[in-house]
Amino acid sequence: MGISTSSQNRGQPTTKTQIFILSGQSNMAGRGGVKNNHWDGVVPNDCKPDPSTIHRLNANLIWETAKDPLHADIDTTKTCGVGPGMPFANAVKDYIAGVIGLVPCAIGGTAIKKWAKGGKLYEDMLRRSKSAASGGGEIKAMIWYQGETDASSKHDAEAYKSNMENLIHNVRSDLGLPSLPIIHVAIASGEGKYTEVVREAQKSINLANVVCVDAKGLELKDDHLHLTTEAQVQLGHMLADGYLANFG
């Protein structure tokens, strides 16, 4: 079932939506295929749109067909390309009843302290997530890929675990979903010399319904920071496997 014109005007899809929050920084927003501030427009088969099944909440809180770049109107100060959201959605759609609703919220270059409760990024993510669920949809999980910026500071890297745990507690509390599944990525790269400190913090989080997917070893672009298009497709499948194995 597609989205009718009238339902687009109301900002609500026509069937019950299974909602996934996509948040974090640039590797979640997607830099696959971006070079010199230009996206090459290459969309792998695993990222192809599926208008009847995979929708996206745009910046105006209206549901529309999801397609890359998913974050084009969200992470607006940077050039967005392919991220993990579309390959994730395409990989899980056959195992989920109803329409998939992706809620892109990631903003490039943001340390986790910028996502603290009460700040603009956190409150925007909360507002978008609540709007997505307001039509009767169900928030199934938050998918989080962030931490590269925190690797530039010893203090920030050492504080990462407590900051991430606080974020998880706050999101669950503010959405009224105390057991909300969280799938977060252990970073593949960092902006400084404390990448391994951040990675160890991410992998050591031991909370119920929190799953860590390790991106280490995935192919990086020439900037040694962002995942290539191919790596984003791989990560999307890894996130799907993590979701289906633990929560599917």
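Entry 1. I listed the buried residues of helix 3 (85-92) and found G85, M86, P87, F88, A89, N90 and V92. Buried here means under 20% relative accessible area, with exposed over 50% and partly exposed in between (1.4 Å probe, protein chains only). Helices (H or I, at least four residues) and strands (E, at least two) are DSSP runs, numbered from the N terminus. Seven of the eight residues of helix 3 are buried, so the rest of the structure largely encloses it.

Entry 2. The model is predicted: local features need pLDDT of at least 70, side-chain atom pairs count only at pLDDT 80 or more, and totals for chains, interfaces and linings use all residues. Residues are numbered from 1 along each chain as its sequence is written, and side-chain values use heavy atoms, leaving out hydrogens and water.

Entry 3. I looked up what covers these buried residues; the cover includes strand 1 (17-24), strand 4 (54-57), strand 6 (99-104), strand 7 (138-145) and helix 8. Contact means heavy atoms within 4.5 Å.

Entry 4. I checked D68, which lies in the loop between strand 5 (63-65) and helix 3. D68 is buried yet has no salt bridge (a side-chain nitrogen of Lys or Arg within 4 Å of a carboxyl oxygen of Asp or Glu). The nearest side chain of opposite charge, R56, is 8.9 Å away; Lys and Arg count as positive, Asp and Glu as negative, and His and the chain ends are not counted. Not counting residues up to four places away in sequence, D68 touches W39, C47, G81, V82, G83 and M86.
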